[in-house]
Amino acid sequence: MSIHKVIVFDSKLYDEKTFKLALKSLGGQDKLRFTFLESKLTEETVDEVQGYDGICVFVNDVVSANVIEEIQKKSNTLKIIALRSAGFNHVSLETAEKYNLKVCRVPRYSPYAVAEHSVALLLSLNRNMHHAFFRTKQHNFSLDGLVGVDLFGKTVGIIGTGGIGMCAINIFLGFGCKVLAYDVFPNEKAAKEKGYIYTTMDELLRESDVVSIYAPLLDSTYHLINKEALEKMKPHAMLINTSRGGLVDAKALVDCLKSGKLRGAALDVYENEKEYFFNDYSQQVMEDDTLARLISMPNTIVTSHQAFLTEEALKNIAETTIQNLLDFFDGKPLNENNEVKAPPKVAPK
């Protein structure tokens, strides 16, 4: 029995640990051999793929047309690109299809992890936990500047009502909030059963005390929250984003926060995060002025794309990724929800 070699880019110690456990639990030790690299896949690191049958990448790896073209020059054995994520906007699917490279993903991995992190961000932002933490570390027990608001009775706007958004809706309904929702594919049955209301984007922005985003990043959703959307938001509202950085125009958000329009914003993602997130730059000067400004503002919280980071989610990601690879190398069809294909070409009119 041949062993298929897979190189894992942008891996951390928790990836290596969970992958080894999942490989054992799925009985794939004699079929797959992983090599874990801390470096991201880029045009500079593409040489590393030589001799491998598959690559495994994360959200900030570069799987552009140029990178895939370089992969083809460096390796004639590579057959599959396995994503450790649900999103695939960083992959040139058309180029992968051109070279007959299979692309697979993890369509879901504990929606509770992301939903709960978004609520944690909101609670911390609203009640100024980030300031209180450092104050008490310095033996400063004053309460000035730490006033928040009750979430009970407030209106929360949920953009995107898929698995994660629905988990968030359940949490906010439990808090006693009124929940407005927007989705291009509304689930009216769930809305009726649970007691939330679908509305237009404009009304959601205008009426919500909290706007929390759970949408995918597509061409149609890029900068969904832009200058115009921010201007429509209710004065002193709070914005939460744990989905994709490109959904929010970061520069427009900085301007909005500077004007005092919003009470605050909490972000786990940032549109140019691949230059910084998942790495330690504490000894370097940050060149991204927008990110530096967001971090420095007193009414913002920025976390480093960690919403997914729970034991349960990591287990889901490792097991689904490994099962995708085992199915592929065993010649079995991939789960249709896990396989990612380029959209069909539309003939010109």
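How much space lies in the largest cavity? The largest cavity holds about 90 Å³, in a predicted model where local features need pLDDT of at least 70, side-chain atom pairs count only at pLDDT 80 or more, and totals for chains, interfaces and linings use all residues. Residues are numbered from 1 along each chain as its sequence is written, and side-chain values use heavy atoms, without hydrogens and water.

A cavity is a set of points on a 1 Å grid over the protein atoms alone where a 1.4 Å probe fits but cannot get out, and lining residues have an atom within 4 Å of a point. A volume is the space filled by probe spheres set on the points, which are joined across faces, edges and corners. The structure has two cavities of 30 Å³ or more. The largest is lined by 13 residues, and Tyr-14, Asp-15, Phe-58, Arg-84 and Phe-308 are the closest to its centre.

The chain is assigned two domains, with bounds from an automatic or database assignment.

| Domain | Residues |
|---|---|
| domain 1 | 4-109 + 310-330 |
| domain 2 | 111-302 |

Their C-alpha centres are 30 Å apart. Domain 1 gives 13 residues to the contact and domain 2 gives nine, contact being heavy atoms within 4.5 Å.

Key
On a 1 Å grid over the protein atoms alone, a cavity is a set of points where a 1.4 Å probe fits but cannot get out, and a pocket is an open set with protein on both sides within 12 Å along at least five of seven lines; lining residues have an atom within 4 Å of a point.
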